[in-house]
Amino acid sequence: MDVIEYTPTRDQYAYTFGGAAPAMRVAPGTALRLWSDDAFGGVLRTTDDLSSAKVDLRFVNPQTGPFYVEGAEPGDTLVLHLAALEPARDWGASAAIPFFGGMTSTDRVVTLQDPLADTTWIYELDRDRNTVAFAARHSDHRIELPVAPMLGTVGVAPAGGEVRSSLVPDRFGGNMDTPQMRAGTTVFLGVNVEGALFSVGDGHYRQGEGEACGTAVEGAMTTTLIVDLVKGGAPGWPRLEDDSHWMTVGSSRPMEDSWRIGNAELVHWVAELYGLHTMDAYQLCSQIAEVPVANVVDANYSVVVKAAKSLLPAADAFGGIHADLRARAATI
């Protein structure tokens, strides 16, 4: 299967969903290999590089894209299958950023406390061992952690002509920061504007659920994905499918509203997949759903609600396109 490669220059980054001119037009069925910079734009390279001096929060999560998908119209379903995610540098960076994160005062959760100390950690990548090394800043501890590549941001242009920061997750996808956004996952996003205008970025070499400090092991990423399109059937919120789970993502504040959105979406999806009454799907999902928290640090919080396929009869979503794209990905 042929692959189109694209590496943006710094002046080609997008920092919003919506409001950016397309970098390229692609047809459904196209495979893309995309390079994306880390959330900090590569400026945190040593532990002496501090976010207060180096990072402008107006220009974080640089996006690769957007890409105009030929034939995509509002109400359609954009399908992105993540075939492979490969770290594009031999190091990743994480940071405690003043007034940003889940366990500190922020611009939205305001207290009289001083910010936590501005601190940077650098994680060295060992490609042979497939690990990144946590090196403590206040002791000699060093712990090798498995690499688990994922994308923090995958999204389309919002509806209504809106332009949203690449820090924000919402109906259009965006900065959901879920570890479920990994190789082997198929993403379903509702198209809001002609061409869909999707972009990706914010590569993480690994991240715990919740992304508590506000940053993962942030790293440049090479992402190979296949673009496809289903006419009609747009989901209200992002849906994910891999070989083992059906998943929905809700993003809002407070977090219980994210939980409600994700649960409602999964109930409706399960009802569609199995021809169930909504109340029966609600009861079923109440007994089988798992709910990992994706992030508690962005402008909205994201929650994933997932159902194991092993607990349910076989079913095909969107015409079984996940299995088809998995097979196509094996030919890249």
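**Salt bridges up close**

Reply: Start with a network. R10, D37, D38 and R89 are linked by salt bridges. This is a predicted model. A search of the whole structure finds 20 salt bridges.

Now take single pairs. D76 forms a salt bridge with K231, and their closest N and O atoms are 2.6 Å apart. D76 sits in the loop between β5 (63-69) and β6 (77-87), while K231 sits in the loop between β17 (221-230) and β18 (239-241), so the pair ties together parts 155 residues apart in sequence. Is D76 buried or exposed? Its relative accessibility is 5%, so D76 counts as buried. The cut-off for buried is under 20%.

Next come E124 and R142. Their side chains meet in a salt bridge, 3.3 Å from N to O. E124 lies in strand β8 (residues 119-126) and R142 in strand β10 (residues 142-146), so this pair ties together parts 18 residues apart in sequence. E124 has 46% relative accessibility, so it counts as partly exposed. R142, at 48%, also counts as partly exposed.

The last pair is D243 and R326. Their side chains meet in a salt bridge, 2.6 Å from N to O. This pair links distant parts of the chain. D243 is in the loop between β18 and β19 (245-252), and R326 is in helix α4 (residues 321-329), 83 residues apart. D243 counts as partly exposed because its relative accessibility is 49%. R326, at 36%, counts as partly exposed too.

Definitions and conventions:
Residues are numbered from 1 along each chain as its sequence is written. This is a predicted model: local features need pLDDT of at least 70, side-chain atom pairs count only at pLDDT 80 or more; totals for chains, interfaces and linings use all residues. Side-chain values use heavy atoms; hydrogens and water are left out. A salt bridge is a side-chain nitrogen of Lys or Arg within 4 Å of a carboxyl oxygen of Asp or Glu. Helices (H or I, at least four residues) and strands (E, at least two) are DSSP runs, numbered from the N terminus. Buried means under 20% relative accessible area, exposed over 50%, partly exposed in between (1.4 Å probe, protein chains only).
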